[in-house]
Amino acid sequence: MLQRFWRWLPTNVDDKRVRVAVWLNVIFQTVLVGTGGAVRLTASGLGCPTWPKCTADSFVSTPEMGLHGVIEFGNRTLFFVLQAIAIFALLCVLKYRKERRDLFVLTVIPACSVLLQAGVGGITVFSGLNPYVVGLHFVLSVVLVVLGAVLVMRVYTKPGPRALVVPGWFARLAHIAAFFVAISVLIGILTTGAGPHAGDQGAARNDLPPEIMQHVHSWPAYVMLGLTLVLFIAAWTRGIRSPRVWLTWLVAAQGAQILIGVAQSRLGLPEILVGSHMVLACIVAALMSAVLYYLRRPRELR
């Protein structure tokens with residue numbers, strides 16, 4: 001049985017199963033952010049009041065726990081789905097791991113990190129939804145989405161030395177824009193920790209002033225968009241082709257992110273907009289990583 005399964009595994013990166021596996025990984029990493037947001041935004045963060053069990057006597061939610069228990073247990077269940085996908089992606093590159101060490105490392109990380117995320121989720125529950133622990137949970141999710149995006153790009157490109165295919169100033173500006181993406185995400189986490197969506201009515205907040213934090217959060221976001229627009233215009237007017245498509249998508253995602261951010265602030269932080277804002281943060285980070293990745297190309301394709 002094991003020998004048959006071993007023979008069934010892909011032997012090279014061109015196998016369609018490899019591409020399906022890595023795409024499923026990055027998609028479900030992003031979906032997990034959405035379901036995690038739903039847990040917090042519906043005040044279901046303690047729908048399962050203990051961990052790893054949902055109650056002291058049951059691993060699954062019970063009818064007495066109501067909708068909150070179902071939502072929290074559903075989010076926990078998705079961890080197992082994501083773990084299965086991550087292990088499948090790892091197995092899909094196992095046979096040629098020596099030739100494509102990059103793919104092997106990028107599949108090992110999510111296969112191990114899903115369990116780390118589950119552990120942080122347990123600490124989140126035991127800490128009574130401490131906003132800083134919840135923020136760490138989100139940071140890990142963003143990192144895993146970015147690594148998942150890099151894994152997809154690695155599958156579609158040749159291995160080996162890569163050379164810069166854009167002007168030096170363009171590359172430096174892109175890295176500065178990426179820095180402001182990261183700063184925007186981190187300040188956004190602090191802003192969320194000061195807001196009303198704590199995940200449970202009795203959960204603590206970080207005691208930062210919400211209105212001021214909303215303004216502070218907007219500053220790096222506007223800088224991020226401004227720098228991205230400069231890159232976008234330069235790419236289309238100066239013949240810089242490699243990251244052009246990804247910059248187009250990045251401008252669109254950042255524009256939508258900022259519009260939703262302004263709207264949620266003006267409308268009193270409605271749950272659907274806050275959840276969309278969270279998912280878009282991951283998408284923006286993934287697209288920014290694609291822009292940085294395509295600043296370079298394999299030397300023979302330069």
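Tutor: Let's start with a definition: a residue is buried if its relative accessible area is under 20%, exposed if over 50%, and partly exposed in between, using a 1.4 Å probe and protein chains only. This is a predicted model, where local features need pLDDT of at least 70 and side-chain atom pairs count only at pLDDT 80 or more, while totals for chains, interfaces and linings use all residues. Residues are numbered from 1 along each chain as its sequence is written, and side-chain values use heavy atoms, leaving out hydrogens and water.

Student: How many aromatic pairs are there by the ring rule?

Tutor: Rings of Phe, Tyr and Trp (its six-membered ring) pair if their centres lie within 6.5 Å; planes under 30 degrees apart are stacked, over 60 edge-to-face, and the rest tilted. This rule gives seven aromatic pairs. One of them joins Phe179 and Phe180, edge-to-face at 5.5 Å centre to centre and 80° between the planes.

Student: What makes the pair of Tyr293 and Tyr294 edge-to-face?

Tutor: The ring centres are 5.2 Å apart, within the pairing limit, and the planes meet at 90°, over the edge-to-face cut-off; therefore the pair is edge-to-face. Tyr293 has a relative accessible area of 10%, so it is buried. Tyr294, at 9%, is buried as well.

Student: What sits over the ring of Tyr293?

Tutor: The charged end of Arg162 does, 4.1 Å from the ring centre. For this, NZ of Lys or CZ of Arg must be within 6 Å of the ring centre and within 35 degrees of the ring normal. Arg244 likewise places its charged end over the ring of Trp236, 4.5 Å from the centre.

Student: How do you know that the span of helix H8 agrees with its 23 residues?

Tutor: Helices (H or I, at least four residues) and strands (E, at least two) are DSSP runs, numbered from the N terminus. The expected span is 1.5 Å times one less than the number of residues. For H8, residues 244–266, that rule gives 33 Å, and the end C-alpha atoms are 33 Å apart, so the two agree.

Student: Which helices do the buried residues of H8 pack against?

Tutor: They pack against H6 (168–194), H7 (210–237) and H9 (271–293), where contact means heavy atoms within 4.5 Å. Among the buried residues are Arg244, Leu247, Leu250, Val251 and Gln254. An α-helix has 3.6 residues a turn, so residues three or four places apart point the same way. Just after H8, Gly268 takes a positive phi of about 85°.

Student: Why is Leu78 called buried?

Tutor: Its relative accessible area is 12%, below the buried cut-off, so the name applies. Leu78 is found in helix H3, residues 66–92. Not counting residues up to four places away in sequence, Leu78 touches Phe28, Val31, Leu32 and Thr35. Leu78 and Val31 are 47 residues apart in sequence, yet their C-alpha atoms are 9.0 Å apart.

Student: How do you know that the chain agrees with a compact globule?

Tutor: The radius of gyration is taken over C-alpha atoms, and the globule rule is 2.2 Å times the number of residues to the power 0.38. For 302 residues a compact globule would come out near 19 Å; the chain has 21 Å, which agrees. Of these residues, 48% count as buried.
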